[in-house]
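Visitor: I'd like to hear how the labels on this one were handed out. Could you put the criteria next to the values for me?

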Amino acid sequence: MSRYLPKRTFDKYDIERFIVMSRNRILTAVKPKGDTQKRKIFVIGHARTGTTSLHALFQDAGISSRHSAGNWHLANHDAFSDRGDYRPIQLYRRLYPNAMFVLNTRTMGPWVKSMLNHRRRIFSQREIVNLILRRNKYFADTINLFEGDSRLVVCDITKVDAFSFIAEALNLPTPEITPHKNVRLKRREGIWSENFDHIMSSPIGDFQDYNFIIPQLLDKTQLPYSGWQCCVRNNFGKNDFI
């Protein structure tokens, strides 16, 4: 085991995740599905990774888009975004064979800081570590879930050509939008900032510039399949930390 691999612990956000994912799975099962042969676009990355801008991209392309942390109303819209990591992706894959999936990401350190500020809660040092480990495992699990499935697109939304890349990958018109910035007032930043700085100065902080999977924070059973970078359409450069 790598010295960089902190021990994963259980915290209240695991309970939240279980409740929200269970709700989303039930709603998906019981709500109208619409035309399941129609192409849908599911943004399955985390919050604070350009979901509002992607929603605008779809709208500009004339696609009926739903941006919500709540029920996505699958029968009423054709593109969906926000808190995609809380969604029953396996069920979507089975229900909509012509769907496309966008796994949006950004550099780990700035993303964590954005999440802490956005949620306006006090995260302990252990909860920050769990947030990083949870996100990292989700990335690897998603890559493995789509092994042999060409419907997945992975995009670092901070890159200059990110939205043009997504538009091309989804066969949409060339976008003319600029990234939207969601801003929330900072609340009690001093407390979480100290915890954030402590974690970023620890060994796990060595990976704060990674924008996708951090292999050193996974054990062998969790790693993505070999050669996935060549099998999954993505906008990573050869010098990226992925």
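Predicted model: local features only at pLDDT ≥ 70, side-chain atom pairs only at ≥ 80, totals over all residues.

Visitor: What makes the second largest pocket a pocket, and how much space lies in it?

Guide: On a 1 Å grid over the protein atoms alone, a pocket is an open set of points with protein on both sides within 12 Å along at least five of seven lines, a cavity is a set where a 1.4 Å probe fits but cannot get out, and lining residues have an atom within 4 Å of a point. Points are joined across faces, edges and corners, and the space filled by probe spheres set on them is the volume. By that count, about 560 Å³ lies in the second largest pocket. It is lined by 26 residues, and Arg-17, Arg-134, Lys-137, Tyr-138 and Asp-141 are the closest to its centre.

Residues are numbered from 1 along each chain as its sequence is written, and side-chain values use heavy atoms, with hydrogens and water left out.

Visitor: Which helices supply at least two residues each of that pocket's lining?

Guide: H1, H3 (89–95) and H5 (125–145) each do, and H5 has the largest share, with 7 residues. Helices here are DSSP runs of H or I with at least four residues, strands are runs of E with at least two, and both are numbered from the N terminus.

Visitor: Why is Glu-16 with Arg-83 called a salt bridge?

Guide: The rule asks for a side-chain nitrogen of Lys or Arg within 4 Å of a carboxyl oxygen of Asp or Glu. Glu-16 and Arg-83 come in at 3.7 Å, N to O. Glu-16 sits in helix H1 and Arg-83 in the loop between strand S3 (79–81) and H3, so the pair ties together parts 67 residues apart in sequence. The structure holds 12 salt bridges.

Visitor: Are those two buried or exposed, and how do you know?

Guide: Buried means under 20% relative accessible area, exposed means over 50%, and partly exposed is in between, using a 1.4 Å probe and protein chains only. Glu-16 is at 17%, so it counts as buried. Arg-83, at 18%, is therefore buried as well.

Visitor: What joins Arg-17 and Asp-85?

Guide: Their side chains meet in a salt bridge at 3.1 Å, N to O. Arg-17 is in helix H1 and Asp-85 is in the loop between S3 and H3, 68 residues away, and the pair links those distant parts of the chain. Arg-17 and Asp-85 are both buried.

Visitor: And where do Lys-137 and Asp-141 lie?

Guide: Both are in helix H5, 4 residues apart, about one turn of the helix. Lys-137 has a relative accessible area of 34%, so it is partly exposed. Asp-141 is at 34% too, and therefore partly exposed.

Visitor: What makes S4 (residues 100–105) and S5 a pair?

Guide: Two strands pair if DSSP finds at least two bridges between them. S4 and S5, which run parallel, have 5 bridges, so they qualify. One example is Asn-104, whose bridge partner in S5 is Cys-155. The open sheet has 6 strands in the order S2-S3-S1-S4-S5-S6, with parallel pairing. S2 (65–67) and S6 are the edge strands, each pairing on one side only.

Visitor: How well covered is S5 (residues 152–156)?

Guide: Mostly covered, with 5 of its 5 residues buried. Leu-152, Val-154 and Asp-156 on one side are buried, as are Val-153 and Cys-155 on the other.

Visitor: Last one: why does Phe-10 count as exposed?

Guide: Its relative accessible area is 63%, so Phe-10 is exposed. Phe-10 is in the segment before helix H1 (12–30).
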